Amino acid sequence: MIEPIVLSVGESVHLRQGKDHIYYAGMPSENVYSIVQKKAAGNQGYAWNLFYSRKQQEITIDGVNIFVENVTPQEITLRIG
């Protein structure tokens, strides 16, 4: 089974080789959480915020399936498929 990953606000994880990094950006409201998707090319890159309903547990970022186990304003627990 895939081990869960816990990210605090501002922490990141690399989805996998050849894919993007994601950062947990917290909860702008009580029913919405935000993940930042960052593309990098060498020393340069760009990023944008993705917003999801707190109820949405299955998301896909950069073609990678992610299951959101738990989300609070301070941290998010993910399983990256």
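Let's start with Val13 and the residues around it. Leaving out neighbours up to four places away in sequence, Val13 is in contact with Ile5, Leu7, Asp20, His21, Ile22 and Ile80. Keep in mind that this is a predicted model. Val13 sits in strand S2, and with a relative accessibility of 15% it counts as buried, because the cut-off for that is under 20%. Look back along the chain to Glu3, 10 residues away, and you'll find its C-alpha atom 13 Å from that of Val13.

You'll find Asp20 in the loop between strand S2 (12-14) and strand S3 (21-24). Is Asp20 buried or exposed? Asp20 is buried, at 6% relative accessible area. Beyond its neighbours within four places in sequence, Asp20 touches Val13, His14, Leu15, Gln37, Lys38, Lys39 and Asp62. With Gln37 there is a polar contact from side chain to side chain, at 2.6 Å.

Now for the charged pairs. Side chains of opposite charge can pair when their charged atoms come close. How many salt bridges does a search of the whole structure find? The search turns up three, and here they are:

| Salt bridge | N to O distance |
|---|---|
| Asp20 and Lys39 | 3.0 Å |
| Lys39 and Asp62 | 3.8 Å |
| Glu69 and Arg79 | 2.2 Å |

Asp20, Lys39 and Asp62 are linked in a network of salt bridges. Asp20 and Lys39 form a salt bridge that links distant parts of the chain, 19 residues apart, with Lys39 in strand S4 (residues 32-41). Lys39 also forms a salt bridge with Asp62, and that pair spans 23 residues, with Asp62 in the loop between S6 and S7. Lys39 is partly exposed at 26% relative accessibility, and Asp62 is partly exposed too, at 22%.

Glu69 and Arg79 also meet in a salt bridge. Glu69 lies in strand S7 and Arg79 in strand S8, so this pair ties together parts 10 residues apart in sequence. Glu69 is partly exposed, with a relative accessible area of 31%.

S7 (residues 64-71) and S8 (residues 75-80) run antiparallel and are joined by five bridges. Within that pairing, Asn70 has Thr77 in S8 as its bridge partner. Both strands belong to an open sheet of four strands, in the order S1-S8-S7-S6, with antiparallel pairing. At the edges are strand S1 (5-8) and strand S6 (58-61), each pairing on one side only. From one strand to the next, the twist averages 40°.

Technical notes: Residues are numbered from 1 along each chain as its sequence is written. This is a predicted model: local features need pLDDT of at least 70, side-chain atom pairs count only at pLDDT 80 or more; totals for chains, interfaces and linings use all residues. Side-chain values use heavy atoms; hydrogens and water are left out. Two strands pair if DSSP finds at least two bridges between them. Helices (H or I, at least four residues) and strands (E, at least two) are DSSP runs, numbered from the N terminus. Axes are lines fitted to C-alpha atoms, for helices over the stretch in contact, and angles run from 0 to 180 degrees between N-to-C directions. Buried means under 20% relative accessible area, exposed over 50%, partly exposed in between (1.4 Å probe, protein chains only). A polar contact is a pair of N or O atoms within 3.5 Å; within protein, one must be able to donate a hydrogen and the other to accept it, and residues adjacent in sequence count only if both atoms are side-chain atoms. Contact means heavy atoms within 4.5 Å. A salt bridge is a side-chain nitrogen of Lys or Arg within 4 Å of a carboxyl oxygen of Asp or Glu.
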